[in-house]
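Subject: Structure handover and notes

Hi,

My notes on it follow below.

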Amino acid sequence: MYPKLKNPTLFPAWTDNFFSSPMWPNEESYVGLSIPAVNVKETIDEFDIEMAVPGMEKTDFKLDIDHNVLTISSEKILKKEDDNEKFTRREFSYTSFNRSFTLPTSVDEEAIKATYKEGILIINIPKKEEAKEKGPKHIEIG
């Protein structure tokens, strides 16, 4: 069956599906969904992954490496209760995410370190010595 369109002509208006697509989020599209923003930087010696995850604690994160895939995940449930007169109000907050990154074979998996400071999770991924770019070498003629 075809979706019902707002403009049922032979050539429907491009706005019918454009503004209702996931590209234009609404309140319902965020229910149970949280994907933190990520920056990935490469230098001569290492890769750095910076992830914006404010309001968390370092114990909220789980980092795993399996078959050259780094997986960063978190699950946090907050409960707040407020007793007021004849009723009890409960507010639940559930946050979870899972991000995976395929690591190049040039990284030293044993030397990966992570820190969490001021809402930013930073994962430092050093390169193996043989993978580091070396500058030009001058050869003397003897």
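This is a predicted model: local features need pLDDT of at least 70, side-chain atom pairs count only at pLDDT 80 or more; totals for chains, interfaces and linings use all residues.

First, a definition for the accessibility values: a residue is called buried under 20% relative accessible area, exposed over 50%, and partly exposed in between, with a 1.4 Å probe and protein chains only.

Residues are numbered from 1 along each chain as its sequence is written, and side-chain values use heavy atoms, with hydrogens and water left out.

**Overall picture**

The protein has one helix and seven strands, where helices (H or I, at least four residues) and strands (E, at least two) are DSSP runs numbered from the N terminus. Along the sequence the order is α-β-β-β-β-β-β-β. Of its 142 residues, 20% count as buried. Taking a contact as heavy atoms within 4.5 Å, residues 24 or more positions apart make up 49% of the contacts with a separation of 6 or more.

**The sheet 1-2-7-6**

Strands count as paired if DSSP finds at least two bridges between them. On that basis, four strands form an open sheet in the order 1-2-7-6, with antiparallel pairing. Strand 1 and strand 6 (113-117) are the edge strands, each pairing on one side only. From one strand to the next the twist averages 15°; the axes behind it are lines fitted to C-alpha atoms (for helices over the stretch in contact), and angles run from 0 to 180 degrees between N-to-C directions.

Strand 1 (residues 38-42) and strand 2 (residues 46-52) are antiparallel and share five bridges. They form a hairpin with three residues between them, and N39 has E50 in strand 2 as its bridge partner. The loop between these two strands holds T43, which is partly exposed because its relative accessible area is 38%. T43 and E133 are 90 residues apart in sequence, yet their C-alpha atoms are 9.5 Å apart in space.

Strand 2 is also joined to strand 7 by seven bridges, again antiparallel, and F47 stands opposite I125 in strand 7. A residue to look at here is N124, in strand 7 (residues 120-126). Its side chain makes a polar contact with the side chain of E46 at 2.8 Å. By polar contact I mean a pair of N or O atoms within 3.5 Å; within protein, one must be able to donate a hydrogen and the other to accept it, and residues adjacent in sequence count only if both atoms are side-chain atoms. Setting aside neighbours within four places in sequence, N124 touches E46, F47, D48, A111, I112 and K113. N124 and D48 are 76 residues apart in sequence and 4.8 Å apart in space, C-alpha to C-alpha.

**Salt bridges**

How many salt bridges does a search of the whole structure find? There are four, with a salt bridge defined as a side-chain nitrogen of Lys or Arg within 4 Å of a carboxyl oxygen of Asp or Glu. I describe some of them here.

- E42 and K127 form one, with the closest N and O atoms 2.7 Å apart. E42 lies in strand 1 and K127 in the segment after strand 7, so the pair ties together parts that are 85 residues apart in sequence. E42 counts as exposed at 52% relative accessibility, whereas K127 is buried at 8%.
- K41 and E50 form another, the closest N and O atoms being 3.2 Å apart. Both ends are partly exposed: K41 at 41% relative accessibility and E50 at 22%.
- K62 pairs with D64, with 3.8 Å between the closest N and O atoms. D64 is partly exposed, at a relative accessible area of 35%.

**Around T71**

T71 lies in strand 4 (residues 69-84). Its side chain makes a polar contact with that of S100 at 3.2 Å. Not counting residues up to four places away in sequence, T71 touches K62, L63, D64, N98, R99 and S100.
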